[in-house]
Amino acid sequence: MHLNKPLDDSTIYTRLILNHGAIVVIVLVSMHLVYHLASALMGYQLMLSTILFPHGFEANPRYGTWSQNRFSIVYTYSAGPVLCLALAAFAKMAHSLYYCRQRGDFRIFLYWIYLVGANYFFGGALIGLVTNRGFGHAILYGSNMPIPWRIGFTFASMLILIIIGTRSLRYFLEFSPTEDLVIFDNKKTRLTYLFVVVAMPWLIGSTTLLAFMMPSPHMVWSSLLITLLLCLFPILSFFNMSVRFFLKPEPEEVKIKWPYIFAAVALVLIARLALIGGIGFIQA
């Protein structure tokens, strides 16, 4: 099937931006909800009173003092990142073993779940170790990590995110509907394509998630949108690398995926309305 527009027509890129932007919005908001719901439920199981809000969750000891609930706090703030990392590992495995060689958008969902889930773990550790907030603070709170180990763990988290991004270039090239957009001999077209499916969807997804968390976006959760750039920036930086990637020879027709756009809008609106007053998990 041939494209119904010339490859240099801006409408092709506009459609790709809308499609990939909707996918990233769905993944970011869904993983945001999974992250905080898992932590809120873990806190409830560990005798903490937790409340789930659009901007995150709040936890307070129901019985005793903070020091008496030390490890409950650690496990609560670690539950979300650990679950996201597990989802990221599962998504990466499914993508690498099978879906990277298939047409269809499910593979794109899987890869963004992998990137966002890994970022919520390693990026959360990075931000927390620097700011003493969130997941990184839970690591410090539970381990009493000395300063040299803290510095090493921080740089290790940053390095892992950069490595993940560097190894992601070939997978984003495989998302191309036709090899003409990512052919190595035309580096300008390849960079434009990567900007369309990487940078613009991140910008759309980040803006949407920040709006979802308003009027009080938490510093940690907002900063996680920036640490995601540690994965995405190498993709754009090394666009001119000649890498081997799998792409079926038959081009795909680029259409606007309205179900994705409607699903993204519905997810944001429904979740926002459901959480606007907070959902409490209160110990009796």
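This is a predicted model: local features need pLDDT of at least 70, side-chain atom pairs count only at pLDDT 80 or more; totals for chains, interfaces and linings use all residues.
**Helix packing**

| Helix pair | Angle | Axis separation |
|---|---|---|
| H1 and H2 | roughly 140° | within 7 Å |
| H3 and H5 | about 155° | 9 Å |
| H5 and H9 | roughly 40° | within 7 Å |

Take H1 and H2 to begin with. H2 covers residues 70–97, and its axis crosses that of H1 at roughly 140°. The two helices are therefore oblique to each other, and their crossing is right-handed. On the H1 side the contact is formed by Met31, Val34, Tyr35, Ala38, Ser39, Met42 and Gly43. H2 brings Tyr75, Thr76, Ala79, Gly80, Pro81, Leu83, Cys84 and Leu87 to this contact. By class, the residues where H1 meets H2 are 11 nonpolar and 4 polar, with no charged residue.

H3 packs against H5, which spans residues 147–166, at about 155°. Angles over 145 degrees count as roughly antiparallel. H3 is therefore roughly antiparallel to H5. The crossing of H3 and H5 is left-handed. From H3, the residues in contact are Tyr114, Leu115, Ala118, Asn119, Phe122, Gly123, Ala125, Leu126, Leu129 and Val130. They meet Arg150, Phe153, Thr154, Ser157, Met158, Ile160, Leu161 and Ile164 of H5. The contact of H3 with H5 has 13 nonpolar and 4 polar residues, together with 1 charged residue.

H5 also packs against H9, residues 229–237, with the axes crossing at roughly 40°. This angle makes H5 oblique to H9, and the crossing of the pair is right-handed. H5 contributes Met158, Leu161, Ile162, Ile164, Gly165 and Thr166, while H9 contributes Leu230, Cys231, Pro234 and Ile235. The contact of H5 with H9 divides into 8 nonpolar and 2 polar residues, and no charged residue takes part. Met158, Leu161 and Ile164 of H5 are named in the contact with H3 and also in the contact with H9.

**The second largest pocket**

The second largest pocket holds about 190 Å³ of space. Its lining has 14 residues, of which Leu16, Asp105, Pro177, Glu252 and Lys257 are the closest to the centre. H1, residues 10–45, and H3, residues 106–131, each supply at least two residues of the lining of this pocket. The largest share comes from H1, with 3 residues. Sorted by class, the pocket lining has 5 nonpolar, 3 polar and 6 charged residues.

**The second largest cavity**

The structure contains 2 cavities of 30 Å³ or more. The volume of the second largest cavity is about 40 Å³. His32, Tyr35, His36, Tyr120, Leu209, Met213, Trp221 and Leu224 form the lining of this cavity. Two or more of the lining residues come from each of H1, H7 (187–213) and H8 (219–227). H1 gives the most to the cavity lining, with 3 residues. The cavity lining is made of 6 nonpolar and 2 polar residues, with no charged residue.

Tyr35 links two parts of this account: Tyr35 of H1 takes part in the contact with H2, and Tyr35 also lines the second largest cavity. H1 itself gives the most residues to the lining of the second largest pocket and to that of the second largest cavity.

Conventions: Residues are numbered from 1 along each chain as its sequence is written. Side-chain values use heavy atoms; hydrogens and water are left out. On a 1 Å grid over the protein atoms alone, a cavity is a set of points where a 1.4 Å probe fits but cannot get out, and a pocket is an open set with protein on both sides within 12 Å along at least five of seven lines; lining residues have an atom within 4 Å of a point. Grid points are joined across faces, edges and corners, and a volume is the space filled by probe spheres set on the points. Helices (H or I, at least four residues) and strands (E, at least two) are DSSP runs, numbered from the N terminus. Ala, Val, Leu, Ile, Met, Phe, Trp, Tyr, Cys and Pro count as nonpolar, Asp, Glu, Lys and Arg as charged, and the others, Gly among them, as polar. Axes are lines fitted to C-alpha atoms, for helices over the stretch in contact, and angles run from 0 to 180 degrees between N-to-C directions. Angles under 35 degrees count as roughly parallel, over 145 as roughly antiparallel, 65 to 115 as roughly perpendicular and the rest as oblique. A crossing is left-handed if the near helix is turned anticlockwise from the far one by less than a right angle, and right-handed if clockwise. Contact means heavy atoms within 4.5 Å.
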